[in-house]
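Hello,

Here is the structure I said I would pass on. My notes follow it.

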Amino acid sequence: MRFGINTLDDMEVQGKTVLCRVDINQPIDQATGTLKDTTRIAACTPTLKELSDKGAKVVLLAHQGSDIEYKNFYTTEPHVQVLSKLLGREVRFIDDVCGPAARAAIQALKPGELLLLDNVRFVAEEQTLFEMKLQLSHAAQAKTLLVRKLAPLGDLYVCDAFAAAHRDQPSLCGFEQILPSAMGRLFEEEFCVISGLMEKPERPCVFVLGGAKISDAFLMMSTVLGGGVADQVLTGGLVGEVLLWADGKDIGEGARGVIRKAGYESLVGTARELLAQYRDRILMPEDFAAVQGGQRVEYPLGKIPGDTLILDIGTETGACYQARIRTAKTVFVNGPMGVFEDAPTEQGTRMVWDALGDTAAYTVIGGGDSITATKKYGKTEDINYICTGGGALIRFLTGEELPVVKALRYGSTLTKKQC
Ligand code: ADP
Ligand code: MG
């Protein structure tokens, strides 16, 4: 048991049917059904291999894409070949989630065999809009179709989906009400790394917060500065711009317009409160870059022409942040410094990632675009920990108890099936 949750060491799985929720959600080319990345699939294979080696009948539950944004909303069938290849053993697939075909396939499993069910989000109660509109209690989630149909066939529930741990949905929080539960090895590892970061980081501990999700960044800042976790927060992207605006600095009408349009003007007040409390520990950019005629142009703060759009931090700020990262002992990064997708405005992000690559500090990265930047700059091997979860990691760092953690703590107290 760790963090009040059972681990795989606490479970006797031989001959048992284990319902295992994984997060293998990946970008997908729908025209060909090809997965464009397989990082998350690889990350959960240790748990699956261990369960199968120990003689469990393993039933995999997973989602692919979201019903809000249909781009990646797809069957989980393409994942099964990748899983089989990575595990070196056959994983079967059934194009059903909890209907008669899925149930028959589960009942036919033999010890050591693995079966992947279809996308759990094909079931209405699992959908994202449903989650946000109804906000079902965990007890109510245990009464949803998915849990009512599958829980009676299972003996144990394992959640290895740390990347989805902020989601309050039946496949993630419902089974723990009925089946004795545990977290998988990936969940345990990610929980451990992030808790270690929050509880006893080696100092100086520097947080680098950029990108576009300003409200998340501000929540994180107040937790890690208020709780004494971060000695310094280096800011870039829209996060840095809103802080400067709050500080009464002239970032130009162009940048203010972008922030207003994104609906973030209301956060200027929050930024002001953060500065009032923690000014000495928050670093803001001192110069910026924009694009004119396809070329990078830099301006010091206060000299940004009226309607110019700020698209990156400038060279001086980049060099200052590099020095802080190189002398830190712990560095956490979420969010790029600028629009790193475009060549003229990638320098700030590249400078920060270069320093992450050669600092002796323990480095942790989270967030989809931050992981993309890590791959783009060839730093995957140099970063100590790349967290598979973006949303979950951010919620964790804001100090909230994640819904799945709460449910797993409850499920860890059960010694026998409740149905
Ligand atoms: P992550 O996915 O790592 O959590 P975010 O999603 O919060 O990061 O932010 C990434 C996005 O923010 C990128 O698409 C990047 O182009 C954009 N971005 C960064 N800086 C700026 C800026 N100054 N103005 C507009 N967009 C920015
Ligand atoms: Mg992003």
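How far is a nitrogen atom of ligand 1 from an N or O atom in the side chain of E241? The distance is 2.8 Å, a polar contact in the sense of a pair of N or O atoms within 3.5 Å (within protein, one must be able to donate a hydrogen and the other to accept it, and residues adjacent in sequence count only if both atoms are side-chain atoms).

Some conventions before the rest. This is a predicted model, in which local features need pLDDT of at least 70 and side-chain atom pairs count only at pLDDT 80 or more, while totals for chains, interfaces and linings use all residues. Residues are numbered from 1 along each chain as its sequence is written, chains are lettered from A and ligands numbered from 1 in the order in which they are written, and side-chain values use heavy atoms, with hydrogens and water left out.

Ligand 1

Two further polar contacts involve oxygen atoms of the ligand: one oxygen is 2.8 Å from a polar backbone atom of D369, and a polar side-chain atom of S370 lies 2.6 Å from an oxygen. Taken alone, ligand 1 exposes 580 Å², of which the protein buries 85% (Shrake-Rupley method, 1.4 Å probe). Around ligand 1 there are 17 residues, each with a heavy atom within 4 Å of it; K213, E241, E341, D369 and S370 come nearest. By class, this shell has 5 nonpolar, 8 polar and 4 charged residues, with Asp, Glu, Lys and Arg as charged, Ala, Val, Leu, Ile, Met, Phe, Trp, Tyr, Cys and Pro as nonpolar, and the others, Gly among them, as polar.

Backbone

Most residues other than glycine have a negative phi, and most peptide bonds are trans. Two places depart from this. F3 is not a glycine, yet has a positive phi of about 55°. R203 and P204 are joined by a cis peptide bond, with omega about 0°. P204 is in the loop between α9 (185–199) and β9 (205–209), where helices (H or I, at least four residues) and strands (E, at least two) are DSSP runs numbered from the N terminus. F3 is in the segment before β1 (17–21).

Regards
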